[in-house]
Amino acid sequence: MLWLKALHIIAVICWFAGLFYLPRLFVYHAMSHDSISIDRFKIMERKLYRGIMWPSLVMTVVFGTWMVALVPDYLWNGWLHAKLALVALLIVYHFACGHFLKQFRDDRNTRSHTFYRVFNELPVLLLVAIVILVVVKPF
């Protein structure tokens, strides 16, 4: 179980690295006007989303589900329900990142760098709440 937990935490860290960095790339991409920078950001965003974020998301969900399957009594804990609800929001956020990536890829972005600066802060709030739920288990 400890190996599984370690793998889950590693996957979560990798996923969050992408969730933090991709919107930051969007900030810089939205501020760019020259084709060289724009093309470079498109490549970086695509590789981050497909090569790091997606595999990390899948591994996070697989290892987390596996742990719950091994200890189904966890399903009776309110903190886990709250955590899973926040994880669901993170998955929605992940898909929103994919949507924005496609808009940038197709040169259809209409949002400002300020929007992406605010958007970039959302996973921080979710991370704080999730860690508190898992460590403190308030209910």
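**Close-up 1. Asp-106 and its two arginine partners.** Asp-106 is partly exposed in this predicted model, with a relative accessible area of 34%. Its side chain meets that of Arg-105 in a salt bridge, 2.9 Å from N to O. Arg-105 is also partly exposed, at 42% relative accessibility. Asp-106 forms another salt bridge with Arg-108. Here the closest N and O atoms are 3.4 Å apart. Arg-108 counts as partly exposed, at 47%. Through these shared partners, Arg-105, Asp-106 and Arg-108 join into one network.

**Close-up 2. A salt bridge between Lys-42 and Asp-107.** The count of salt bridges in the model comes to three. One of them pairs Lys-42 with Asp-107. Their closest N and O atoms lie 2.8 Å apart. Asp-107 is exposed, with 58% relative accessibility. Side chains of opposite charge can pair when their charged atoms come close.

Close-up 3. A disulfide needs the two sulfur atoms within 2.5 Å. Seen from Cys-97, the closest cysteine sulfur is that of Cys-14. The disulfide count is zero. The surroundings of each cysteine can be read from accessibility. Cys-14 is partly exposed at 34%, whereas Cys-97 is buried at 0%.

**Close-up 4. The largest pocket and its lining.** The largest pocket holds about 720 Å³ of space. Its lining is made up of 29 residues. Nearest its centre lie His-8, Val-12, Met-67, Lys-83 and Val-134. Elements giving two or more residues to this lining are α1, α2 (35–70), α3 (78–105) and α5 (122–136). Which element gives the most? That is α3, with eight residues.

Close-up 5. Six side chains are shown here: Met-1, Val-58, Val-62, Trp-66, Leu-70 and Tyr-74. Together they make a nonpolar surface patch of about 560 Å². Met-1 belongs to the segment before α1 (2–31). Is Met-1 buried or partly exposed? Met-1 is partly exposed, with a relative accessible area of 43%.

Methods: Residues are numbered from 1 along each chain as its sequence is written. This is a predicted model: local features need pLDDT of at least 70, side-chain atom pairs count only at pLDDT 80 or more; totals for chains, interfaces and linings use all residues. Side-chain values use heavy atoms; hydrogens and water are left out. Patches are made of residues with over 30% relative accessible area and no salt bridge: like charges are joined within 9 Å, nonpolar side chains (Val, Leu, Ile, Met, Phe, Trp, Tyr) within 5 Å. Accessible areas come from the Shrake-Rupley method with a 1.4 Å probe; for residues, only the protein chains shown count as cover. A salt bridge is a side-chain nitrogen of Lys or Arg within 4 Å of a carboxyl oxygen of Asp or Glu. Helices (H or I, at least four residues) and strands (E, at least two) are DSSP runs, numbered from the N terminus. Buried means under 20% relative accessible area, exposed over 50%, partly exposed in between (1.4 Å probe, protein chains only). On a 1 Å grid over the protein atoms alone, a cavity is a set of points where a 1.4 Å probe fits but cannot get out, and a pocket is an open set with protein on both sides within 12 Å along at least five of seven lines; lining residues have an atom within 4 Å of a point. Grid points are joined across faces, edges and corners, and a volume is the space filled by probe spheres set on the points.
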